[in-house]
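Hello,

Here is the structure that I am handing over to you. My notes on what was found in it follow below.

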Amino acid sequence: PGRGADSDLLMFGFYIFNNIGIGFRTFAAGILFGVGSITVLLLNGLYIGAVVGYLAARGFGNTLFPFLIAHGAFELTGVVVAGTAGLRLGQALLSPGCYTRIEALRRAARPAVHLVYGMTALLLVAAFVEAFWSSSDRLPPGVRYGVGATCWVAVLGYLWLAGRRAT
């Protein structure tokens, strides 16, 4: 038996709080000359990799991977976008060019904040999918893998085509 709709809504709120918190920390840590964003990304990758590896080795892969695949497209991409935004800040501080560091940071902040908007949208979608789709065990794994693959293709396709002008 799955969990009820009331707990799905509570988990949606928790996932928003948790995931967007991680995203903002990843972005904000970029102010430490980019090292903070890289550290947060690496540590999160290590933690997630260790947990997934452990659970898969213990025989939980049949429930874990169908749970992760759909929302992972949005969540993992959102955190990487947050890291990219943080690295823009770090780059401005490390290599300000002909500007003062403050001015270089000010100039880098605008495109970085646009990335943070994208990160926030991705993590909101991830929270919704995680709370209402990923946690549902009503559909067979094949359907969940298919939807997950579609989510990955959609996210990567969007990123590949975003910002291109028609020629």
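**Overall picture**

Of the 167 residues in the protein chain, 34% are buried (buried means under 20% relative accessible area, exposed over 50%, and partly exposed in between, with a 1.4 Å probe and protein chains only). This is a predicted model, in which local features need pLDDT of at least 70 and side-chain atom pairs count only at pLDDT 80 or more, while totals for chains, interfaces and linings use all residues. Residues are numbered from 1 along each chain as its sequence is written, and side-chain values use heavy atoms, with hydrogens and water left out.

The secondary structure of the protein chain consists of five helices and zero strands, and the order from the N terminus is α-α-α-α-α. Helices (H or I, at least four residues) and strands (E, at least two) are DSSP runs, numbered from the N terminus. Taken along the principal axes, the C-alpha atoms of the protein chain fill a box of roughly 60 × 40 × 30 Å.

**Pockets**

Some terms come before the pockets themselves. The search runs on a 1 Å grid over the protein atoms alone; a pocket is an open set of points where a 1.4 Å probe fits, with protein on both sides within 12 Å along at least five of seven lines, and lining residues have an atom within 4 Å of a point. Grid points are joined across faces, edges and corners, and a volume is the space filled by probe spheres set on the points.

The largest pocket holds about 610 Å³ of space. It is lined by 23 residues, and the closest to its centre are Asn44, Ile48, Leu68, Glu75 and Leu76. Two or more residues of this lining come from each of α1 (5-28), α2 (35-57) and α3 (61-94). The largest share, ten residues, belongs to α3. By type, the lining of the largest pocket has 15 nonpolar, six polar and two charged residues. For this count, Ala, Val, Leu, Ile, Met, Phe, Trp, Tyr, Cys and Pro are nonpolar, Asp, Glu, Lys and Arg are charged, and the others, Gly among them, are polar.

The second largest pocket has a volume of about 170 Å³. Its lining is made of Val81, His114, Leu115, Gly118, Leu122, Val155, Tyr158 and Leu159. Six residues of the lining of the second largest pocket are nonpolar, two are polar and none is charged.

How many salt bridges does a search of the whole structure find? There are two, where a salt bridge is a side-chain nitrogen of Lys or Arg within 4 Å of a carboxyl oxygen of Asp or Glu. As background, side chains of opposite charge can pair when their charged atoms come close.

Through shared partners, the salt bridges join Glu103, Arg106 and Arg107 into one network.

Glu103 counts as partly exposed because its relative accessibility is 24%. Arg106 has 53% and so counts as exposed, and Arg107, at 47%, is partly exposed.

**Other residues to look at**

Leu9, Phe128 and Phe132 form a nonpolar patch on the surface, with about 300 Å² of accessible area together. Patches are made of residues with over 30% relative accessible area and no salt bridge; like charges are joined within 9 Å, and nonpolar side chains (Val, Leu, Ile, Met, Phe, Trp, Tyr) within 5 Å. Accessible areas come from the Shrake-Rupley method with a 1.4 Å probe, and for residues only the protein chains shown count as cover. Phe132 lies in helix α4 and is partly exposed, with 32% relative accessibility.

Pro111 also lies in helix α4. Its relative accessibility is 28%, so Pro111 counts as partly exposed. The C-alpha atoms of Pro111 and Leu89 are 9.7 Å apart, and 22 residues separate the two along the chain.

Phe33 is not a glycine, yet it has a positive phi of about 60°. Phe33 sits in the loop between α1 and α2 and is partly exposed, with a relative accessible area of 41%.

Regards
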